[in-house]
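Dear colleague,

Please find below the structure that I am handing over to you. My notes on it follow directly after.

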There are 2 protein chains.
Amino acid sequence: MDARAMGGNKIRNMEEFAALSGISRPTVSKYFNDPGSVRASTRARIEAALEEHDYRPNIYAVNQNRRLTKNIGIVVPYLADPFFAEIARKIELRCIEAGWSPILFSSHGEKDLEIDILDSLRSMKPAGVLFAPLGRISDRIVIEKFCRDVPTILFDSNLDGIGEAFVGSDNFSFVSQSVEYLTRTGNPPILFEMVRPANPNANKRRKAYVSMMERLGFDPQIFQAEGDGWGFEEIGYKEGLRFLDQKPGRTDTVLCSNDRLAIGFLSACFERGIPVGRGETCTLRVAAHDDHPFSRFTCPSLTTVAHDYDQVSNKVIEMLFQLIESGGHFESRSEHLYPAKLVLRSSA
Amino acid sequence: MDARAMGGNKIRNMEEFAALSGISRPTVSKYFNDPGSVRASTRARIEAALEEHDYRPNIYAVNQNRRLTKNIGIVVPYLADPFFAEIARKIELRCIEAGWSPILFSSHGEKDLEIDILDSLRSMKPAGVLFAPLGRISDRIVIEKFCRDVPTILFDSNLDGIGEAFVGSDNFSFVSQSVEYLTRTGNPPILFEMVRPANPNANKRRKAYVSMMERLGFDPQIFQAEGDGWGFEEIGYKEGLRFLDQKPGRTDTVLCSNDRLAIGFLSACFERGIPVGRGETCTLRVAAHDDHPFSRFTCPSLTTVAHDYDQVSNKVIEMLFQLIESGGHFESRSEHLYPAKLVLRSSA
DNA sequence: GATAAAAGTTTACGCGCGTAAAGTTTTTGT
DNA sequence: ACAAAAACTTTACGCGCGTAAACTTTTATC
């Protein structure tokens, strides 16, 4: 019995497979581009042949001849941040469900890498790109140029006027809820944030904090944590210790700009033996924003304001598919901001 | 001034670019495959032209004509787990440094997705693949077949005899150190693990625990947490509460199979008001394995046994490059296990 | 400065597939 | 049952690049 007689023989190309299936190559090609575009009977014959011989079209040859591929680029600033890992996971699964090939990239917090990624993404001829930029350190010129060439939807952090659309959470919604809750149930909070936040959302949150506090008739107070990079927990911890030791201004209610800072901050509180929470015996309340996947498991569990992960990822996907159907360009750029939801836990 | 006179004009293919650079296409092709393979003077001319016209070879045409591409596949079982995010980050950066194109995949904990990934990876003609399987639920037949076709190195979790090599941490080293430390400085621990662990490492750790305890003359005790999937913190928390309430056997020293379970477990302890640590006032000690990126920030900070991330990722990369140079096949399959390091923090 | 070696040029073919054009067969509607 | 429409077959070309072969030019060696 020679190899050709067995099921596992290797097929070189579509020509050979077409011969085996008894259908002409152009029709087989048509089938692979859209199985519904061929007659049910021929489709059955092709799929029968497919069962036995497990052939797949050469993706490189296919993509060479398409103007656009079936690829979807997904770029996040830092994948080791569980927040991005989680949102990337949702988006990726959605793309797969819809028959696209998501390709995931992480800028790893580095500007040059972000540029490289866009560069190689451009030559990949993706049908669309979902892009969460690094933010402050991003090269706007490069990104702008990229977005002119490749159908791109920004998410998480916005760059004014760049990309076909933006989808993200409404930072004002986060802060207004946290500040309102904290003041209503206790004292107005001091804001704990980084001096040089990597993400533009942090700046928006600071502004929202200030305006919210002023609106409520309180004096905004901000503690700026030193440190750079994406090791937010570490910064929250170290600067949290500094904060606790020097006790600047009001110190019984702290609002961290994001959960990762809060995770570090809570760790510092624990180490200093400061009871955190809303109980009678507690001397400090801590809240934050994002609803990081691990915030349920801090000690005490973190009161925070949650992204509407599902809404955001749904909308991102919806806008992407819409963009692809529109031929890669929208009439006008739209921004979609989703309100956040207060999540009451034990820390405040 | 027409478009051709400007710097930003688009170049269709290598033919056009070669004409602009004044070098023949075959030589330009040679340059892109290995810049060092052409004379310095011609290289300079090509790179000068490259500065002005920013041309890049069509990756699909390139890859179609290569037997193997410059792609490196990286597959992890669950990218939203910071452990894998972190190791993937290291590996990815190494590949980029060395001039390869890493492509990252996450099986998202799903067997079918793992199979799909291997399937599309196969048709990508990667030079090599670094693969951390799901483990228990993986389809061994499919993986075995894949590894016969594509040069693959397994990491993190081993499948006997599959792949060209395995690189990972030595589970016995983890457990022997934790058990030894806990017994030496206090009482022998009870093991807290999942009933149906997703990862084969968990099984090895259980065996190591039992044999280590017996060697030391103690009675092994195991608490098996109910629950499936990759939400380990949640399982650690819920079953931690159950554990604390029913107090099975010795309960003053708990060794969690991994840090993520411990994060949940510590959260449960906090909620029950149980002081954890090695201090006089503490009634419970908790330790675990992995040195998860967040274990420094638990309350109390988690005493654990750390993977040697650097050693493992270095070795994985080293083996991969070696494999590629060897033409995708090793004489014999080797397994490289790295010892872990005890990290003393506050929880035990 | 002669000569061999190295590098570059020209020409040509092949990779695997998308897709157009012209002709043939099958299906659909009445 | 017949005409029109739809689907399929055959033939052919193009995509952008790798690469081999034969030839020419530049560089290294003594």
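Around DNA strand D there are 24 residues, of which A:S24, A:R39, B:N13, B:M14 and B:S29 come nearest; a residue is near if its C-beta atom, placed from the backbone, lies within 6 Å of the strand. Two or more residues each are given to this surface by α2 (25–33) and α4 (59–65) of chain A and by α2 (25–33) and α4 (59–65) of chain B. Helices (H or I, at least four residues) and strands (E, at least two) are DSSP runs, numbered from the N terminus.

This is a predicted model, in which local features need pLDDT of at least 70 and side-chain atom pairs count only at pLDDT 80 or more, while totals for chains, interfaces and linings use all residues. Residues are numbered from 1 along each chain as its sequence is written, and chains are lettered from A and ligands numbered from 1 in the order in which they are written.

Chain A holds an open sheet of six strands with mixed pairing, in the order β7-β6-β8-β9-β10-β12; two strands pair if DSSP finds at least two bridges between them. The edge strands, β7 (222–225) and β12 (341–343) of chain A, each pair on one side only. Within chain A, β9 (residues 285–290) and β10 (residues 303–306) run parallel and are joined by four bridges, with A:D290 opposite A:A306.

In chain B, helix α5 (residues 82–97) has 16 residues and is followed by B:G99, whose phi is positive, near 90°.

Yours sincerely

Key. The expected span of a helix is 1.5 Å times one less than its number of residues.
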